[in-house]
Amino acid sequence: MQRYIVGLALAIAAMGAAAQVEVEQQANRLTAAPVQDLPAGVTTEQHPLKRAFLAKGSAAPALFRPSDNMPEIVNEDLLGGMTASGKVPGKLGQFAGYPPKLKVLPCPTGCEGKEYERAVAEFIRGYAGDGKFFKERGEMIVQVRWFHARPFYMRSVPYSADFFGVSFLLEGKLVSLSKRSLVGQSDKAHEMARDIGARMGFELALTLGVGAKPSYLLSSNNASIGVRGKLGAVSTAVSGALGVDDVRSRIEPGTEAHAHLMPAIDGIAPGEIAPLTEMHYIDTIMF
């Protein structure tokens, strides 16, 4: 738990540095645009301490329709400290706020059996954490997109891999987060599911919870361009030759085909805000 919180503090600082130009451009556009230019009911964070934190930390503001499904940081002492420093603290010592409870939908095929059930249980466990700093409120719909658990005799051979990944809507885009084992390594699907759940839960709780845009939505977090894109293509080709599906984390245009993932936690439907025209891989899952 503490490892993820420390990583969260470092990652939010890194987000501000790595995407500084983009953040400033987005902030300028939001400041210049009157509220009525946004879709009906969509807003940015209005809490004065959170707005001060966003300004000091140079974080891009999230867009959302207020509801109980949105993560929320409510501890005034915590918010005051964040506002003063411009950073998330490295250690939480008190109740912080609320994330939504997960509703997990299975993938169309292959999501069955004891190993799958165990992976989903561990994913939810990782997301929920130890229950000390966050209490669940509202609901977040996610769908398992990728799942594969190798039989024990395949874990030491240079072929195939375990993997787990989920998809959900955010700002009208389809976000898919995943993790897979290295070919020939013994990492198990349920272990990766727990890790993905923890990383996803902490990022959403502590970015959207203070009104900041999660890292997935920053256009600079793109692994499909330049050298990163070429290296990723080579890696995917090699893995594919060894029987491993391309399950890299990615962001894609949201469409009507994703209606089963509505309502999104931010209340925004596909196509409402700056819709994507094509898929790109996510370079880094920050937390």
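1. First, some ground rules. This is a predicted model, where local features need pLDDT of at least 70, side-chain atom pairs count only at pLDDT 80 or more, and totals for chains, interfaces and linings use all residues. Residues are numbered from 1 along each chain as its sequence is written, and side-chain values use heavy atoms, leaving out hydrogens and water.

2. Start with helix α5, residues 114–128. Helices here are DSSP runs of H or I with at least four residues, strands are runs of E with at least two, and both are numbered from the N terminus. The expected span is 1.5 Å times one less than the number of residues. For the 15 residues of α5 that gives 21 Å, and the end C-alpha atoms are 21 Å apart, so the two agree. Just after α5, G129 takes a positive phi of about 65 degrees.

3. Which residues of α5 are buried? They are Y116, A119, V120, E122, F123, G126 and Y127. (Buried means under 20% relative accessible area, exposed over 50%, and partly exposed in between, with a 1.4 Å probe and protein chains only.) These residues cover an arc of only 165 degrees around the axis, which puts them on the same side of α5; the arc is taken from the directions from the helix axis to the C-beta atoms. An α-helix has 3.6 residues a turn, so residues three or four places apart point the same way. On the other side of α5, K114 and R125 are exposed.

4. So what covers that buried side? The cover includes β3 (101–105), β4 (139–148), β5 (163–170) and α6 (189–207). Contact means heavy atoms within 4.5 Å.

5. Now zoom in on two of those covering elements. V144, in strand β4, is buried with a relative accessible area of 0%. Leaving aside residues up to four places away in sequence, V144 touches residues including Y116, V120, F164 and V166. The C-alpha atoms of V144 and Y116 are separated by 9.9 Å, although the two are 28 residues apart along the chain. Over in helix α6, H190 is buried too, at 7%.
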